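Student: I have a model on screen and some questions about its folding. Can we go through them briskly?

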Amino acid sequence: MKKKMNKSKMLLVKQKMNKFEFVEPIADRGCFIDDAPTYHSPAFQSIGFPVNDKGILLSSSMGLSSAATATTTLSEALKFCIFDLRRGQHEGEELEKILFFFPADLPFPAQLAVIGLSEGLITFTRIFSPEAACEVIEAEMHSHVFFEAEPDIWMVMVVAKSKETEAIWRIEALRSVLKEVHSLFVMFHGSIRLMLDKEPGGGLIRSHLYTFIMDYLSDFLVGNKFVLPNFRDSLKERGTVQMLTVGREAAIEVQSLVGALDSCMGNTLGYSVILFQDLLVSTTLSPDDTINLFSYGSLRLTPRVLSSGGSTWSYLRKGNASSHTEPVSLLANTGSAFDRSHGFRDASSAGGDNYRIVRPLQHGKWSRGKDGFLVTDIWGVEVGNLVPTTPTIWLQQTEHKMYLCAYQHKSLTIILLVPVTSMLNGEEGISMLKQQLLENASAKIFKVEEKLAKGWGGENAYHVKGYRYLLVDGDRNISRASPAGKVTTLTKESLLALNKVREDVDLEKSRAKGDCVDHEKDLEICIRAKNNAWVIARATRGKELYIVLEKANETLLYASEAVEKFSDRYCNGAFSLD
């Protein structure tokens with residue numbers, strides 16, 4: 001395969017499982033990478049795109065030139081698209097496959113070029129890996145991260161590489177962002193494919209994806225720049241829950257409270273989730289549904305979020321909620337072209353096709369009422385009395401639609417989920433449920449909150465002196481890590497070394513998955529960073545432990561013994577070598 005440049009060179013592709021790296025920048029008909037774009041189709045001329053006499057789309061028309069605007073800065077840093085391989089297969093219908101594209105004001109030829117390249121790479125890599133296409137393509141100037149959210153529906157994130165050391169990321173961390181946004185979208189709106197089947201024209205799904213993802217992306221904006229998960233987040237694991245450790249007496253009280261909550265829901269097949277601060281205390285949901293609800297609760301419902309007016313992620317990263325105003329407006333500016341092309345207005349109102357668009361990730365839309373229940377008008381209000389409509393979500397395991405009722409007392413947040421079909425009287429039934437909770441469970445709620453608060457050690461409760469660590473239980477989707485404030489004390493060299501170690505572990509896990517190994521092999525990686533810190537990773541039986549020791553003795557034996565002590569004391573010896 002030759003690339004069209006001044007001098008013909010062979011394209012070299014390095015394959016690492018289902019990861020591919022293009023050693024040379026490539027450009028060929030039907031795709032483009034970086035700064036050498038070409039895209040060929042006779043349909044371009046018929047739909048008004050600028051082409052040359054050979055029908056090749058002119059690269060100068062693709063909107064890729066730099067400009068000193070905030071929108072262009074965002075465009076250069078990140079492109080994010082969702083497309084359906086089953087759509088737009090005929091000439092002149094290429095735009096139909098685009099379900100979402102950010103930035104939306106990027107010219108359509110440029111959008112089609114990105115999606116055309118992605119589609120070509122998916123087809124190409126399936127030659128080598130029929131069961132699982134590519135997860136990432138590393139080009140000279142960009143990383144292309146792939147995730148097949150649903151059959152033939154792909155999410156692709158294109159992130160620009162930079163000489164700035166902050167722009168160093170782990171691919172699996174970026175893929176986890178794609179997985180999270182899809183899981184949250186399905187929880188609130190149902191699957192993308194079902195929405196397409198409901199309205200094949202695509203207007204319904206485009207309007208919902210656009211508003212949802214734009215609200216989601218606002219959490220990653222700092223000023224006019226995206227701050228995606230990078231090497232400084234190596235001691236975090238997205239897609240897991242963080243549990244609160246409770247004593248025996250507190251556990252008994254929590255169990256009693258769960259029983260009282262079940263009684264309040266009566267004979268309906270309801271569920272409950274209890275959070276303390278931003279940690280999970282109890283859940284009766286399936287693991288996947290627990291992760292989704294925990295993620296949403298952490299983003300929008302916890303006392304810290306409500307008091308700061310932002311999301312947990314942005315609160316920790318930016319330090320205050322006021323910084324949300326500018327990023328949201330910047331994102332909104334990029335949507336004008338998309339709005340015009342698909343015929344709908346601002347997401348907070350009905351669109352041009354009269355779609356009712358719910359925006360559950362809007363900032364500052366939840367508040368605590370006088371009775372302790374959390375209220376929002378995101379789902380609208382009842383006609384006549386202006387009472388907010390109760391939120392609803394979809395459970396992944398049962399595919400049932402559930403009412404979401406949240407109650408908060410000091411640091412304790414309780415979420416009740418009740419089947420919509422069981423509430424024949426709708427909002428009246430929800431009011432009765434709230435009254436039942438206040439009358440029959442409030443005393444237990446107060447007692448549990450008091451016990452948990454007394455036993456809570458604060459934000460540094462899980463700090464272990466001398467260690468910076470991350471513990472992941474993949475089988476139960478649970479993680480625990482050093483407090484964020486303690487992680488910031490690590491040097492850049494240590495974090496970069498840790499990021500590299502995590503990449504190596506990701507690669508080994510991918511190989512085991514590709515080899516269809518029933519059980520993961522035990523793994524240990526130990527390296528000495530440039531600043532003489534020890535970075536150690538151990539993986540065994542679905543569990544992973546990462547430790548950074550900056551003030552350790554120079555010997556490997558000392559570092560190994562330190563990990564053994566940590567494993568024996570805090571992990572029940574799960575990572576001990578004996």
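Tutor: Start with a definition: buried means under 20% relative accessible area, exposed over 50%, and partly exposed in between, with a 1.4 Å probe and protein chains only. This is a predicted model, where local features need pLDDT of at least 70, side-chain atom pairs count only at pLDDT 80 or more, and totals for chains, interfaces and linings use all residues. Residues are numbered from 1 along each chain as its sequence is written, and side-chain values use heavy atoms, with hydrogens and water left out.

Student: Which exposed residues does the face of H13 turned away from its buried side carry?

Tutor: Helices (H or I, at least four residues) and strands (E, at least two) are DSSP runs, numbered from the N terminus. The buried residues of H13 are Glu427, Gly429, Ile430, Leu433 and Leu437. They cover an arc of only 155° around the axis, taken from the directions to the C-beta atoms, which puts them on the same side of H13. The face turned away carries Met432 and Glu439.

Student: How far apart are the end C-alpha atoms of H13?

Tutor: The expected span is 1.5 Å times one less than the number of residues. H13 has 14 residues, 427–440, so it should span 20 Å. The model agrees, with its end C-alpha atoms at 20 Å.

Student: Is strand E5 largely enclosed or open?

Tutor: Leu78, Phe80, Ile82 and Asp84 are buried on one side, and Lys79, Cys81 and Phe83 on the other. Seven of the seven residues of E5 (residues 78–84) are buried, so the strand is largely enclosed.

Student: Which residue in E9 stands opposite Phe83?

Tutor: Two strands pair if DSSP finds at least two bridges between them. Seven bridges join E5 to E9 (residues 153–160), and the two run antiparallel. Opposite Phe83 stands Trp154.

Student: Which residue in E6 stands opposite Ile82?

Tutor: Four bridges join E5 to E6 (residues 98–102), again antiparallel. Opposite Ile82 stands Phe100.

Student: Among the elements, which strand has the lowest mean pLDDT?

Tutor: pLDDT is the predictor's confidence in each residue, from 0 to 100. The protein's mean is 81. Strand E12 (residues 271–276) has the highest element mean, 98. The lowest, 35, belongs to strand E3.

Student: How many contacts beyond four places in sequence does the model have for residues 311–329?

Tutor: pLDDT stays under 50 there. Where pLDDT is low, the predicted coordinates should not be read in detail. For residues 311–329 the number of such contacts is 43.

Technical notes
Contact means heavy atoms within 4.5 Å.
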